[in-house]
Amino acid sequence: MIATIVHTDELLQTVAASVIAGIGVTFLFSLGIWGAGQFTELSRSERPVAATAAAVVGAVALLCVAAAVATGIIVMTHK
Amino acid sequence: MDSDVILVIVIATALAFDFTNGFHDTANVVATSISTGAARPQVAIGFAALLNFVGAFISISVAATVAKDVVDAEVITPTIVFAGLIGAIAWNLITWYFGLPSSSSHALIGGVVGSAVAAVGFDAVIAEGLVGKVLIPAVVAPVLAFLVAGAAIGISYRVVGRQRPGIVSRGYRYGQIVSGGLLALAHGTNDAQKTMGIITLALIASGELGADADPPFWLIASAATAIALGTYSGGWRIIKTTGTRIIKMDAAQGFSAQGAGAAVILASTHFGFPLSTTHVINGGIMGAGAGKRLSAVRWGVAGNIFVAWLLTLPAAATIGALTYGFTRIFGTGALGPILVTLMALSLVVAAFARRAQRGAPVTAAGG
């Protein structure tokens with residue numbers, strides 16, 4: 001009875017989706033900023049390999065953010 | 001003939017409610033982007049209005065909940081829906097006048113439940129839907145936004161903590177264009193659907209739609225337009241007061257708050273939970289503040305939100321019930337709703353005139 005009223009599954013999925021999207025996207029975006037910052041710093045100190053690696057990490061993180069946002073919107077529109 | 005007149009009044013009143021919802025909520029949606037300098041006010045407001053419009057088209061789950069899961073559509077009449085709307089509008093007006101941060105969404109649902117109980121009795125209320133899809137998510141969602149934003153800002157500071165402040169601020173400001181846009185999209189989809197749900201309920205009650213029908217396209221487009229116009233109109237007043245009314249936060253906090261708010265609202269909307277977007281957005285902002293420093297949170301505001309949350313459903317329900325009783329004095333025709341509409345319009349004009357004399361309201365009520 002209580003489980004029927006509370007819609008436990010839907011509520012838990014809402015909590016899980018919110019936590020994964022809210023924290024995950026912020027983490028990935030922060031990683032993107034970290035990559036840009038590290039790239040600038042390492043380029044200045046003439047360490048091109050490390051700078052490129054940081055830039056790649058940052059770029060991949062930002063691509064993951066874009067993919068997460070696109071996935072979220074697609075899921076919303078396909079119920 | 002009378003039922004057609006009442007239906008037209010209900011649709012016009014619901015769209016007006018949708019417009020005021022957008023008008024009130026502009027501050028919630030764009031404040032964070034403006035306060036961190038991520039976007040100029042004109043750009044942020046125009047962008048928010050556009051994404052509110054788009055957001056209204058991406059889902060109808062919340063509209064279905066409002067139309068079918070809160071009250072029994074088979075015993076509802078357009079006059080009951082009308083009385084519920086008046087209950088919501090009256091409570092919004094009272095809380096706006098006194099500067100209480102109440103929820104338009106809770107007022108709307110409370111008003112309709114109150115008028116339905118007055119007309120038919122408690123049998124008209126679908127308790128499972130009201131508790132499971134409205135009341136419990138109403139408690140969970142703001143707390144969830146608070147926790148997600150708090151955790152997100154903690155992680156952000158750990159990841160970028162040793163970077164130069166310039167690149168970090170610039171990065172999160174660019175990010176806020178996306179997170180602010182998602183928040184506006186989320187606001188549009190959850191709040192516009194409540195109006196769609198209420199009008200759908202009235203259309204089902206009047207026999208214009210079948211019991212299982214979804215909102216027709218003209219209704220989705222009307223609700224989208226009303227909330228977008230409201231958001232755009234509300235913004236111009238907000239521009240003048242933004243600098244003094246918004247908590248100062250850095251761009252990372254703004255990004256985390258908006259991201260958490262958008263994630264919670266979009267996920268809830270997907271499962272058809274009609275939330276108070278105001279409470280969720282404020283929960284996100286407080287979480288981002290608490291994640292940096294607990295004393296940064298305006299706990300008094302949190303207390304006001306809690307009190308308003310407790311009062312809104314019963315207060316709007318009471319006004320909705322009284323409005324229904326008043327309309328029945330004049331029979332079941334259109335005279336009662338017409339008189340109530342004229343009285344409500346007079347009160348709205350009087351309240352705005354008096355408010356204008358006293359100065360701008362302190363806080364925004366919202367969805």
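Helices here are DSSP runs of H or I with at least four residues, and strands are runs of E with at least two, both numbered from the N terminus. By that count, chain B has 12 helices and zero strands. This is a predicted model, in which local features need pLDDT of at least 70 and side-chain atom pairs count only at pLDDT 80 or more, while totals for chains, interfaces and linings use all residues. Residues are numbered from 1 along each chain as its sequence is written, chains are lettered from A in the order in which they are written, and side-chain values use heavy atoms, with hydrogens and water left out.

**Chain B as a whole**

Let's start with the overall form. The C-alpha trace of chain B spans about 70 × 45 × 35 Å along its principal axes. Its radius of gyration (taken over C-alpha atoms) is compared with a globule rule, 2.2 Å times the number of residues to the power 0.38. The value for chain B is 20 Å, close to the 21 Å that the rule gives for 367 residues, so chain B is as compact as a globular protein of that length.

How much of chain B is buried? Buried residues (under 20% relative accessible area; exposed is over 50%, partly exposed in between, with a 1.4 Å probe and protein chains only) make up 59% of the 367 residues. A contact means heavy atoms within 4.5 Å. Among contacts in chain B between residues at least 6 apart in sequence, 87% join residues at least 24 apart.

**Where chain B meets chain A**

The contact between the chains takes 41 residues from chain B and 33 residues from chain A. Together they bury about 3100 Å², 77% of it on carbon and sulfur atoms; buried area is the accessible area (1.4 Å probe) that two parts lose on being put together, summed over both. On the chain B side, B:Gln163, B:His270 and B:Phe271 lose the most area to chain A, together 18% of what that side buries.

**Salt bridges**

Side chains of opposite charge can pair when their charged atoms come close. A salt bridge is counted when a side-chain nitrogen of Lys or Arg lies within 4 Å of a carboxyl oxygen of Asp or Glu. The whole structure has six salt bridges over all chains, and one of them is counted between chain B and chain A.

| Pair | Closest N and O atoms |
|---|---|
| A:Glu41 and B:Arg164 | 2.3 Å |
| B:Lys133 and B:Asp69 | 3.7 Å |
| B:Asp191 and B:Lys194 | 2.5 Å |

B:Lys133 counts as buried at 11% relative accessibility, whereas B:Asp69 is partly exposed at 27%.

B:Asp191 and B:Lys194 are three residues apart in helix H7 of chain B, so about one helical turn separates them. Both B:Asp191 and B:Lys194 are buried. Finally, salt bridges that share partners join A:Glu41, A:Arg44 and B:Arg164 into one network.
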